[in-house]
Amino acid sequence: MATMTNPIERNEFRHHFVVVHPLDDAPETKVDTDSLGPMPMTMSVRVSLLSLRAYLVLMMLLVLYHVLDLAKVFG
Amino acid sequence: MSDKVLTLPAAGLETEVLPVRGRVVKSKWARDLLTFLMVFGPGLIVMVADNDAGAVSTYSQAGAQYGTHLLWVVLLLLPVTYFIQEMVVRLGIATGKGHAAMIYQRFGKWWGLFSLIDLELVNFLTLVTEFAAIDLALNKMGVDPRIGVPLVAAGLVLIAVSGSYRRWERTVVFLCFLDLAWFVIAFWLRPPVAQIVRGSLLPSMPAGGLTPDLMFLVIAIVGTTVAPWQLFFQQSCIADKRLRFADVKWARLDTFLGACITITVAGCMMIAGNASRVHGFTFTDPAQMAMDIGTFSSGFLKNAILLMMINAAVLGTTAISLSSSWAYGEVRGWPHSLQLPLRKAKGFYFVYLVSVAAAAGVVLIPRAPLQLIILGVQVLAGVMLPSAIIFLQLLLNDKELLGEHANRPWNNLVNWTIIIVLFALSLILAAQVAAPKLFPAA
């Protein structure tokens, strides 16, 4: 954790606080997402996501057809 | 509060000593206030930018057609929009990475690619609607859009390429505060206070009952208040600003204040629409509404509404274009930060530039089918929102990734309820547009 809200231990700053802007602060350690790899998913989650994807593709095609129809592309 | 600036080695870094610039304050309240002001930004920007050109059009249309009857719908969306963005806050702070990067890493390239394509497609179409609104407002103000639109586009590029996150954030926060002019506009129009309180707190059905038009508008209000790009934008913005774990509560407060402002401003837009309705005008678009209001009030109000339309579109454009650039940069592994100068993040800024320039260019094409694009955007955004939130929900339940910052059971209950309602609404919206014959007119 960086120094953001920690009171400074020096005598002259004993009753003071130092506030540091996030961009001026030292980088803090975050979750190491690179080492985690892909999320383990159960079969039901996979199937749900695939169904969702299929639904989205279908709806996109439907919307595209409707917009082209409104634009009188199909005469 | 002292102006003293202290530079000291960062704590906790034993191998490397980095200088940290801090501001010294004497009291806890000053520390809290200053910390909040330093963290403040991403939450306000994502919320206020959500009141973009499409939102101005939707909310003012709702007011113009149904008066103050739909104010309660907007108020109901305050917790919805806050809960969704609060999840983004936790995810962004815990990982220090953007939403697109997280989907790629945790769900794999296949899902990541789909999410990215969805985002870039809807974002680009939304950007076209932002510039369409700028074109419309400039026209009504007597400015030639062939000059005005490229100038606005150039300004949008300039505020992002300065190589300083802080400079960009300050400029955009200033534009967000300009949005408060909607309060002045609403107040000036002598709002019916009792009617507003009733419309906000007591759900009621407008005269005519639940017609397909009313249903469409309610769905449009929901769709415009919670948009997929917001998830990507705020998480990347938090990562770019390098918010820390200790900032979570302040980032939540930032998001909550932003949500309160955006919902109240949305109410003001409805009040403006209501004023034009009371004077017998029929709504066509917000620019025409401004002209109508100008006939029974001052010219100042007319110009203020037109300028606020442009401001809304500018805020929407910078946030949406950045969500595209950040997402693309994260996925491609390019340097992607507003802190970087142009020469060090060419790809990132190139995507931003192309997004802005292409959308502005489409608007300037004579006889471009803008109305069709606007319609398509509303439907696509509505259709894609629930799926975007499902990825967010899965990530927020990933204990391996988030640990103590993962969702709690009550978070999940609230969020799944929101997802189910949004899913049902998006299905109705898509069906209404794709197969209007299924919904006979009242």
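Reader: What makes the crossing of α9(B) and α15(B) left-handed or right-handed?

Author: In this predicted model, α9(B) passes α15(B) in a left-handed crossing. That term applies because the near helix is turned anticlockwise from the far one by less than a right angle. The axes of α9 (residues 181-188) and α15 (residues 299-332) of chain B cross at roughly 145 degrees and come within 10 Å.

Reader: Which residues make the contact?

Author: From α9(B) come Ala181(B), Trp182(B), Ile185(B) and Trp188(B). α15(B) supplies Leu301(B), Ala304(B), Ile305(B) and Met308(B).

Reader: How many of these residues are nonpolar, polar or charged?

Author: Eight are nonpolar. None is polar and none is charged.

Reader: Why is Tyr66(B) called buried?

Author: Tyr66(B) has 25 other C-beta atoms within 10 Å. The cut-off for buried is 20 or more. Tyr66(B) is therefore buried. Its place is in helix α3 (residues 53-66) of chain B.

Reader: How far is Tyr66(B) from Ile320(B)?

Author: The two are 254 residues apart in sequence. In space they are 30 Å apart, C-alpha to C-alpha.

Reader: How many helices and strands does chain B have, and why is the chain called as compact as a globular protein of its length?

Author: Chain B has 19 helices and two strands. Its radius of gyration is 22 Å, close to the 22 Å that the globule rule gives for 442 residues, so the chain is as compact as a globular protein of that length.

Reader: What share of chain B counts as buried?

Author: Of its 442 residues, 52% do.

Note on methods
Residues numbered from 1 in each chain as written. Chains lettered and ligands numbered in written order. Predicted model: local features only at pLDDT ≥ 70, side-chain atom pairs only at ≥ 80, totals over all residues. Helix = DSSP H or I, 4+ residues; strand = E, 2+ residues; numbered from the N terminus. Rg over C-alpha atoms; globule rule 2.2 N^0.38 Å. Buried ≥ 20, exposed ≤ 12 C-beta atoms within 10 Å, placed from the backbone. Axes fitted to C-alpha atoms, helices over the stretch in contact; angles between N-to-C directions. Contact = placed C-beta atoms within 7 Å. Nonpolar A, V, L, I, M, F, W, Y, C, P; charged D, E, K, R; others polar.
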